[in-house]
Amino acid sequence: MAQPTASPAPPSAPSDAALELSAVRLDYGDVRALDGIDIEVRRGEFVVVVGPSGCGKTSLLRIAAGLLPPSGGSVRVLGGSADAAQAGKRLGLVAQTPALLPWRDVRSNIALPESVNRSAGGPAAAADPEALIRLVGLEGFERARPHKLSGGMQQRVALARALVVDPDLLLMDEPFAALDEITREQMRYELLRVWSQAPGAGATAKTVLFVTHSVTEAVALADRVVVLSPRPGRIAAEMAIDLPRPRRPDDERAPAFLDAVDRVRALLRTAPPEPADRVSS
Amino acid sequence: MTGPTGAAPLRVEWTRWGRAAAPYLLPPLIALVLGAVIWEAWVELNDVSEFVLPPPSAVAQALFSDIGFFAQEGLRTFAVATAGLAIGTGAAILLAILMAHSTTLERALLPIAITVKVTPIVALAPLFVIWFGFNWEPKVAIAALITYFPVLINGIVGFRDVDPGALDFLRSLRASPREIFLRLRWPSALPYLFAALKIAATLSLIGAVVAEFFAAGQGGLGAVIDEENRLVRLDRLFAAVVTLAVIGVLMNVALALAERRLLSWHRSTWATPG
């Protein structure tokens with residue numbers, strides 16, 4: 001479980017939180033979409049936010065990426081503002097659709113992040129694109145245009161494209177939701193392998209905030225699962241997933257895995273929908 | 001390089017070009033020949049006077065007996081049309097970029113653009129002659145004016161219709177608006193711009209011909225049509241129209257080839273209708 005740090009850390013010590021959302025709120029007009037969101041993601045931690053459709057998961061992720069300003073609360077990304085994280089090219093974004101540029105081939109799509117915001121300081125483009133292509137298993141497809149690739153391969157390109165700047169925080173919005181079930185299961189463990197082997201991972205793996213509506217996916221990937229209730233999105237519960245790593249597809253049949261899935265399901269069920277919750281003014 | 005070795009690649013090049021162009025050239029040619037046959041038969045069977053409708057054979061004779069003249073006048077019209085197309089398209093793309101980035105600008109400028117568009121070109125043409133003189137300037141201005149609208153409308157949509165996920169991704173890396181335009185908006189708009197260009201190319205010829213009606217001093221197919229109409233030499237009038245049609249088809253073929261080359265990534269060029 002996340003321990004909210006009550007006492008302020010000494011100013012000189014770097015915070016070990018990669019992402020801190022406190023009391024984040026989001027209103028669309030007079031409809032409240034997110035309310036009282038407190039999430040802390042430690043460096044190297046893999047946190048999965050799970051919740052039903054329309055609970056504001058995507059909005060939550062876009063707030064963390066600095067793409068959507070929250071209506072209230074505070075957002076700290078990598079010890080600074082989300083803007084600073086963007087400017088330093090320290091974020092890696094993977095969305096539900098691969099969102100590749102169809103006129104660029106695989107290699108050129110992966111090189112896209114290097115070609116923009118060149119003034120960014122820090123270890124921009126630290127990763128070797130060729131090594132990333134091998135890492136996500138796309139050797140031989142370097143010159144292929146996206147429309148020649150399957151959905152799973154397109155998401156591999158999107159993953160490599162996000163990793164090429166060697167991001168300190170990887171933000172993933174239901175990246176496998178549009179894939180068929182077989183590919184989706186395969187991609188889960190591909191992601192875990194990439195996560196632990198990605199360049200710059202070193203002693204600690206990359207920090208990931210991953211959003212999904214699949215409970216199995218959440219349990220398979222996460223160090224910690226955050227359960228979101230719908231309308232408005234609120235944190236209903238958090239649960240640490242203590243399953244050992246590295247995890248394998250066969251582990252999904254283990255009693256401990258199934259037990260964790262059941263517990264997350266139960267937390268989702270007890271998270272009551274609050275219909276027609278409006279902002280009281 | 002010696003002769004024979006130099007000639008062989010050239011022939012290969014031509015064969016390849018012919019194979020690439022054939023799907024674009026053959027269907028309209030066949031349709032054209034079929035239309036001409038029906039027309040000829042109809043004129044022949046009904047004994048239509050040549051002062052009402054000359055048969056295609058007479059038109060062909062008028063055309064080929066004076067082919068140098070029609071080619072020269074056609075080139076004049078083509079030059080005016082292309083110059084107008086370039087200026088109208090360029091201005092429309094610049095305006096579309098501005099309007100795609102600012103709803104306020106779109107609201108301010110689009111009504112003016114529509115007003116100019118709905119004003120009949122025949123009403124403006126005499127004015128343009130007064131303003132710009134009797135040389136090429138008013139003709140190019142009219143051709144430009146008639147072409148800008150489809151490019152503007154498609155451009156606004158095209159520059160805005162970008163993959164929202166790709167836009168989010170670029171923004172998450174703090175790509176500048178200029179980078180987002182060059183990497184994402186411009187390529188995304190190209191299919192829209194090509195569709196508009198094909199419409200605008202045809203319109204530019206109409207604009208050039210209408211302009212030549214009013215500023216007849218410099219010739220061109222519009223002036224030829226106007227004069228032959230007055231002299232009731234319908235075979236020569238139709239010969240001018242055929243010349244115009246050939247230019248229009250060639251412009252569209254050129255655009256289609258360029259489109260196929262530039263938009264090979266876009267589903268519209270994979271071309272398997274039905």
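Q: In which loop of chain A is Ala99(A) found?
A: In this predicted model, Ala99(A) has a positive phi of about 55 degrees although it is not a glycine. As for its place in the chain, Ala99(A) belongs to the loop between β5 and α3 of chain A.

Q: Which residue takes a positive phi in the hairpin of β1(A) and β2(A)?
A: Strand β1 (residues 17–28) and strand β2 (residues 31–42) of chain A run antiparallel and are joined by eight bridges. Among the facing pairs, Ala17(A) stands opposite Arg42(A), and Asp27(A) stands opposite Arg32(A). The hairpin has two residues between the strands, and the positive phi, near 60 degrees, is taken by Gly29(A).

Q: What is the bridge partner of Leu21(A) in β4(A)?
A: Strand β1(A) also pairs with strand β4 (residues 72–77) of chain A; the two run antiparallel, with five bridges between them. Within this pairing, the partner of Leu21(A) is Val75(A).

Q: Why is one side of β5 and of β9 of chain A left without a neighbour in the sheet?
A: The open sheet has six strands with mixed pairing, in the order β5-β6-β7-β3-β8-β9 (chain A). Because β5 (91–94) and β9 (234–240) of chain A stand at the edges, each has a single partner strand. On average, neighbouring strands of this sheet are turned against each other, direction ignored, by 15 degrees.

Q: What angle does the direction of helix α6 of chain A make with that of β3(A)?
A: Strand β3 (residues 46–50) and strand β7 (residues 207–212) of chain A run parallel and are joined by five bridges; in β7(A), Val48(A) has Phe210(A) as its bridge partner. Helix α6 (residues 181–197) of chain A packs on the sheet, where it touches β3, β6 (169–173) and β7 of chain A. Between the directions of α6 and β3(A), the angle is about 145 degrees.

Q: How much area do chain A and chain B bury between them?
A: The contact draws 24 residues from chain A and 19 residues from chain B. The size of an interface is often given as the accessible area lost when the parts come together. Carbon and sulfur atoms account for 63% of the buried area here, and the total is about 2000 Å².

Q: Which residue of chain B meets Asp83(A) in a salt bridge?
A: Two salt bridges are found across the interface of chain A and chain B. In one of them the N to O distance is 3.4 Å, and the side chain that meets Asp83(A) is that of Arg174(B).

Q: How many nonpolar residues has the side of chain A that touches chain B?
A: Across the interface of chain A and chain B there are seven residue pairs in polar contact, both residues at pLDDT 80 or more. On the side of chain A, α2 (82–87), β5, α3 (106–115) and α5 (151–163) each supply at least two residues. By class, this side has seven charged, four polar and 13 nonpolar residues.

Notes:
Residues numbered from 1 in each chain as written. Chains lettered and ligands numbered in written order. Predicted model: local features only at pLDDT ≥ 70, side-chain atom pairs only at ≥ 80, totals over all residues. Heavy atoms only, no water. Pairing = 2+ DSSP bridges. Helix = DSSP H or I, 4+ residues; strand = E, 2+ residues; numbered from the N terminus. Axes fitted to C-alpha atoms, helices over the stretch in contact; angles between N-to-C directions. Contact = heavy atoms within 4.5 Å. Buried area = accessible area lost by both parts, 1.4 Å probe. Salt bridge = Lys/Arg side-chain N within 4 Å of Asp/Glu carboxyl O. Polar contact = N/O pair within 3.5 Å; in protein donor to acceptor, adjacent residues only side chain to side chain. Nonpolar A, V, L, I, M, F, W, Y, C, P; charged D, E, K, R; others polar.
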